[in-house]
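Here is the note on this model for a colleague who has not seen it before. The points below go through it one place at a time.

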Amino acid sequence: MKYSKIDKQLFKDNRQRLAANMEPQSVAILFSNDVMPRGGDQTYAFHQHADLFYLSGIDQADTILALCPQHENPALREVLFITENNEHSKIWTGNKYSKEESREISGISTVYWCSEAEKILRELILSSKTIYFDLPENKAYVPQVTTNNERQAAYYRSLYPLHNYARLAPIMEQLRVQKSSIELQLLQQACKITGDTFKDLLTQVHADMGEYEIEGRITNGFLSRRATCHSFHPIVASGKNACILHYEDNHDICQDGDLLLLDMGAEYAHYAGDLSRTIPINSKFSPRQKQIYEACLEVFNYAKTLYVPGMSINKIHRLTLQKMQEQLLKIDLIKQQDIEQEVVKYDSVRKYFMHGTAHFVGLDVHDVGGKDTVLDYGMVLSCEPGIYVAEEGIGIRIETMMQVNDHPIDMMADVPSTVQEIESIMQK
Ligand SMILES: [Mn+2]
């Protein structure tokens with residue numbers, strides 16, 4: 001792996017916390033993600049299932065984890081199944097983990113080859129009343145392909161139809177939303193790689209550069225700093241492209257006088273970074289660009305103070321909309337009359353700021369955790385107000401990652417955000 005070895009205490013603690021939340025006499029069975037086909041004989045780069053990684057640290061396809069915390073045989077309370085090395089795979093794809101390496105990474109002492117899974121799982125299932133499976137439960141996205149966990153759950157359910165079945169996803173959400181100190185360090189590393197790469201871009205961006213060329217520099221900045229990959233497809237949006245919220249074509253040429261919106265994140269050891277900044281392509285904001293930028297920055301700096309225990313994503317967004325309303329009035333984008341005529345409160349603000357202020361960040365860039373989840377110490381969320389004025393070809397987003405605290409912690413506080421900082425570095 002490109003990342004440094006992770007302290008296996010993280011995975012041990014995570015399993016212990018899960019066990020404490022499982023029903024008596026139950027077993028949880030988790031399967032790794034599929035290797036996804038791309039075309040011909042090619043596949044996409046493998047990406048481990050977040051929950052399986054969270055509970056084991058095993059970063060390899062064809063992995064099964066079974067947790068049966070009350071099994072009478074202590075050796076069967078935590079069982080890992082991995083794919084077996086053979087002579088062909090050693091030559092063509094490199095070594096897979098050995099059993100010993102898997103024990104060292106996960107802290108699980110009982111490791112079998114996958115070929116033995118059905119037999120061992122039978123033993124675990126027959127000594128349990130309830131079986132947990134980990135189906136995809138993201139509220140915003142329904143996968144168009146059936147996941148390995150869904151297929152396996154259906155298969156085992158057909159073999160053992162008289163058991164109780166239970167959902168693992170709600171428990172995993174509850175566990176994962178609260179970050180441990182080891183996780184905070186990994187997230188901080190993802191933030192550092194992301195922030196340092198952005199700082200490099202400040203000295204590199206100029207007119208006539210392709211958005212794709214900047215995307216290339218982001219990839220280079222991430223990988224050369226030991227990121228595994230991007231945590232999401234980077235947005236490199238010049239001029240009016242910045243008003244397309246999920247623009248990812250990155251195929252235009254940066255024009256002198258336009259702004260450039262960058263929304264990018266490195267993934268380090270599976271943990272996501274998420275940063276947005278908006279900069280002037282020719283290194284100087286025009287008076288109008290500066291006016292809108294500083295209105296957004298004012299909202300950003302205010303919103304950052306809201307990440308305290310007891311808040312929620314919905315509460316933060318409500319307060320941020322209020323602050324945004326003040327700023328939009330100030331720069332004349334909306335008028336008092338627009339507010340009075342709103343059918344739904346803040347509709348006139350949403351015309352220019354149409355997305356949310358915050359989402360959780362963790363193993364997924366849009367991590368588990370709901371909009372009404374009560375914020376607590378150690379949770380990590382994005383803070384990302386934006387102002388999009390399509391008719392002027394100006395789109396601005398300023399984003400960082402915040403750690404919830406009595407004094408909220410900006411995890412990328414060292415990344416320039418003021419007009420003066422950005423211009424002075426770009427003009428050097
Ligand atoms: Mn974000």
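Where is the place of histidine 270?

1. Histidine 270 sits in the loop between β12 (266-268) and β13. The model is a predicted one, and in it the phi of histidine 270 is near 80 degrees, a positive value in a residue other than glycine. Most residues other than glycine have a negative phi. With a relative accessible area of 5%, histidine 270 is buried.

2. Serine 283 is another place to check. Its phi is positive, about 75 degrees, although serine 283 is not a glycine. The residue is found in the loop between β14 and α10. Is serine 283 buried or exposed? Serine 283 counts as buried because its relative accessibility is 14%, and the limit for buried is under 20%.

3. Next comes the metal site. Which residues coordinate the manganese ion? They are Asp274 (OD), His359 (NE2), Glu384 (OE) and Glu399 (OE), at 2.1 to 2.4 Å. Along the chain these donors follow the spacing D-x84-H-x24-E-x14-E. Aspartate 274 and glutamate 399 link distant parts of the chain, being 125 residues apart. Aspartate 274 is in the loop between β13 (271-272) and β14 (275-280), while glutamate 399 is in the loop between β17 (394-397) and β18 (400-403). Both aspartate 274 and glutamate 399 are buried.

4. The strand β18 also belongs to a sheet. In what order do the strands of this open sheet of three run? The order is β15-β18-β19, and the pairing is antiparallel. β15 (380-383) and β19 (409-410) are at the edges and have a single partner strand each, so one side of each is left without a neighbour in the sheet.

5. The pairings can be followed residue by residue. β15 and β18 run antiparallel and are joined by four bridges. Serine 382 has methionine 401 of β18 as its bridge partner, and leucine 381 stands opposite methionine 402 in β18. Two bridges join β18 to β19, again with an antiparallel run. Here methionine 402 has aspartate 410 in β19 as its bridge partner. A hairpin through five residues connects β18 to β19.

6. Which way do the side chains of β18 point? Thr400 and Met402 point one way from the strand, and Met401 and Gln403 point the other way. All four of these residues are buried. In a regular strand the side chains alternate between the two faces of the sheet.

7. Two packed helices are described by the angle between their axes and the distance between the axes. Helix α10 (residues 287-303) and helix α11 (residues 313-330) pack at an angle of about 150 degrees, and their axes are 9 Å apart. α10 and α11 are therefore roughly antiparallel to each other, as angles over 145 degrees count that way. The crossing in which α10 passes α11 is right-handed. On the α10 side the contact is made by Ala295, Glu298, Val299, Tyr302 and Ala303; on the α11 side it is made by Leu319, Thr320, Lys323, Met324 and Gln327.

8. Which residues does threonine 320 touch, not counting residues up to four places away in sequence? They are Val299, Tyr302, Ala303, Leu306, Phe353 and Thr357.

9. The second pair is helix α1 (residues 9-20) with helix α7 (residues 169-176), which pack at an angle of about 130 degrees with their axes 10 Å apart. α1 and α7 are therefore oblique to each other, and their crossing is right-handed. Asn14, Arg17 and Leu18 of α1 make the contact with Ile171, Met172 and Leu175 of α7.

10. The last point concerns aspartate 200, which lies in helix α8 (residues 181-202). Aspartate 200 is partly exposed, with a relative accessible area of 32%. How many residues apart in sequence are aspartate 200 and arginine 217? They are 17 residues apart in sequence, and 8.8 Å apart in space, C-alpha to C-alpha.

Note on methods
Residues numbered from 1 in each chain as written. Predicted model: local features only at pLDDT ≥ 70, side-chain atom pairs only at ≥ 80, totals over all residues. Heavy atoms only, no water. Donors = N, O, S within 2.8 Å, 3.2 Å for Na, K, Ca; no water. Buried < 20%, exposed > 50% of the residue type's maximum accessible area, 1.4 Å probe, protein only. Pairing = 2+ DSSP bridges. Axes fitted to C-alpha atoms, helices over the stretch in contact; angles between N-to-C directions. Parallel < 35°, antiparallel > 145°, perpendicular 65-115°, else oblique. Left-handed = near helix turned anticlockwise from the far one by under 90°. Contact = heavy atoms within 4.5 Å.
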